[in-house]
Amino acid sequence: MAVFQGDLQAAGRRFAVVVARFNQLVTQALLEGARDGLIRHGASASDIDVIWVPGSMELAPVAARLARSGRYDAVICLGAVVRGGTAHFEHVARETSGAIRQVALSSDVPVLFGVLTADDLQQAMDRAGGKMGNRGYDAAVAAVEMANLYRQLPPGAGRNAGQS
């Protein structure tokens, strides 16, 4: 029986962090957490590229392009969708998570979901470095582990996963 498990050593790995500009008060804090998580685990600042996009809906197409580039060991998507007075929140949250999921399933590098869905700004801030921790940091640590795990798996194991 073989057992595969990624470690938390980021040295020598390259990371792309795609960040939604919408709700930037929150997403900037998520980005700071992600950078901190990567550097604390050994990544060099020069091995972290940050790509800003207008909003959470734009995260997946950019992540897909970066994942296909062959330049990165993992791609981290960061955004914040905060509930408003209309159903718009539901649509953006659902479509964003589904699109990032599709990118992750079809990619040969890990694509991490670090998009907050919150009822209000305070709830989002609590998860972006407040009393609930920093989900950007969490996504970065998961990216390190997954990048190292993917290196142990057979090539192409993520391509077309989940498709019949």
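Ala 64 is buried, its relative accessible area being 15%; buried here means under 20% relative accessible area, exposed means over 50%, and partly exposed covers what lies in between (1.4 Å probe, protein chains only). Ala 64 sits in helix α2, residues 59–68. Helices (H or I, at least four residues) and strands (E, at least two) are DSSP runs, numbered from the N terminus. Pro 54 is ten residues from Ala 64 in sequence, and the two C-alpha atoms lie 16 Å apart in space.

The model is a predicted one, so local features need pLDDT of at least 70 and side-chain atom pairs count only at pLDDT 80 or more, while totals for chains, interfaces and linings use all residues. Residues are numbered from 1 along each chain as its sequence is written, and side-chain values use heavy atoms, with hydrogens and water left out.

Helix α2 also holds Leu 66, which is buried at a relative accessible area of 14%. Leaving aside residues up to four places away in sequence, Leu 66 touches Ala 16, Val 18, Ile 51, Tyr 72 and Val 75; contact means heavy atoms within 4.5 Å. Ala 80 is 14 residues along the chain from Leu 66, with 20 Å between their C-alpha atoms.

Now for helix α1. This helix has 17 residues (24–40), which at 1.5 Å a residue should span 24 Å, and the 23 Å between its end C-alpha atoms agrees. The expected span is 1.5 Å times one less than the number of residues. Buried residues in α1 include Val 26, Thr 27, Ala 29, Leu 30 and Leu 31. Further along, Gly 33, Ala 34, Gly 37 and Leu 38 are buried too. Just after α1 comes Gly 42, with a positive phi of about 105 degrees.

Another loop residue is Asp 119, located between β4 (111–118) and α4 (121–126). Asp 119 counts as partly exposed, at 42% relative accessibility. Val 82 and Arg 83 are touched by Asp 119 when residues up to four places away in sequence are not counted. Asp 119 and Ala 67 are 52 residues apart along the chain, and their C-alpha atoms are separated by 31 Å.

As for the whole protein chain, it has five helices and six strands, in the order β-α-β-α-β-α-β-α-β-β-α from the N terminus on. Its radius of gyration is 15 Å, which agrees with the value near 15 Å for a compact globule of 164 residues; the radius is taken over C-alpha atoms, and the globule rule is 2.2 Å times the number of residues to the power 0.38. The C-alpha trace spans about 50 × 40 × 30 Å along its principal axes.

Of the 164 residues, 44% count as buried. Taking contacts between residues at least 6 apart in sequence, 81% join residues at least 24 apart. The accessible surface comes to about 8500 Å², 52% of it belonging to carbon and sulfur atoms.

Definitions and conventions: Accessible areas come from the Shrake-Rupley method with a 1.4 Å probe; for residues, only the protein chains shown count as cover.
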